[in-house]
Amino acid sequence: METYECIICGYIYNPAVGDPDGGIAPGTKFEDIPDSWVCPVCGAGKDSFEKR
């Protein structure tokens, strides 16, 4: 699975790990995350992430 990086703070979203604290289960593709999800580090929107 591809990872995505927040261009604001550098946080890496790894689909294998997900974001359990943000309600995103491990194995969730970035495309399947709700648009309301935000970076758990800086609060940036999903549109602030780039594929790595």
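This is a predicted model: local features need pLDDT of at least 70, side-chain atom pairs count only at pLDDT 80 or more; totals for chains, interfaces and linings use all residues.
K46 sits in the loop between β2 and β3. With a relative accessible area of 13%, K46 is buried. Its side chain reaches the backbone oxygen of I33 at 2.6 Å. Setting aside neighbours within four places in sequence, K46 also has contacts with F30, E31, I33, P34, D35 and W37.

Now turn to the strands. Three of them form an open sheet, in the order β2-β1-β3, with antiparallel pairing. The edge strands are β2 (12-13) and β3 (49-51), and each pairs on one side only. Strand β1 covers residues 4-6 and is joined to β2 by two bridges. Across that pairing, E5 stands opposite I12 in β2.

Next comes the core. The largest nonpolar core has eleven residues: Y4, C6, Y11, Y13, I24, F30, I33, W37, C39, A44 and F49. Take A44 as one example. Not counting residues up to four places away in sequence, A44 touches C6, I8, V38, C39 and F49.

Aromatic rings come next. The model has seven aromatic pairs. In one of them, Y13 and F30 have ring centres 5.9 Å apart and planes at 55 degrees, so the pair is tilted. This pair links distant parts of the chain: Y13 lies in strand β2 and F30 in the loop between β2 and β3, 17 residues apart. Y13 is buried, at 0% relative accessible area. F30 is buried too, at 8%.

The rings of W37 and F49 make another pair, with centres 5.3 Å apart and planes at 45 degrees, so this pair is tilted. It also links distant parts of the chain, from W37 in the loop between β2 and β3 to F49 in strand β3, twelve residues apart. W37 is buried, with a relative accessible area of 6%. F49 is buried as well, at 9%. Together, Y4, Y11, Y13, F30, W37 and F49 form one aromatic cluster.

Last, the cysteines. How many disulfides does the model have? The count is zero. A disulfide needs two cysteine sulfur atoms within 2.5 Å. The closest cysteine sulfur to that of C39 is in C9, 3.7 Å away, which is too far for a bond. For C42, the closest cysteine sulfur is in C6, also at 3.7 Å and too far for a bond. Are C39 and C42 buried or partly exposed? C39 is buried, with a relative accessible area of 3%. C42 is partly exposed, at 37% relative accessibility.

Definitions and conventions
Residues are numbered from 1 along each chain as its sequence is written. Side-chain values use heavy atoms; hydrogens and water are left out. Buried means under 20% relative accessible area, exposed over 50%, partly exposed in between (1.4 Å probe, protein chains only). A nonpolar core is a set of buried Ala, Val, Leu, Ile, Met, Phe, Trp, Tyr and Cys residues joined through side-chain atoms within 4.5 Å. Contact means heavy atoms within 4.5 Å. Two strands pair if DSSP finds at least two bridges between them. Helices (H or I, at least four residues) and strands (E, at least two) are DSSP runs, numbered from the N terminus. A polar contact is a pair of N or O atoms within 3.5 Å; within protein, one must be able to donate a hydrogen and the other to accept it, and residues adjacent in sequence count only if both atoms are side-chain atoms. Rings of Phe, Tyr and Trp (its six-membered ring) pair if their centres lie within 6.5 Å; planes under 30 degrees apart count as stacked, over 60 as edge-to-face and the rest as tilted.
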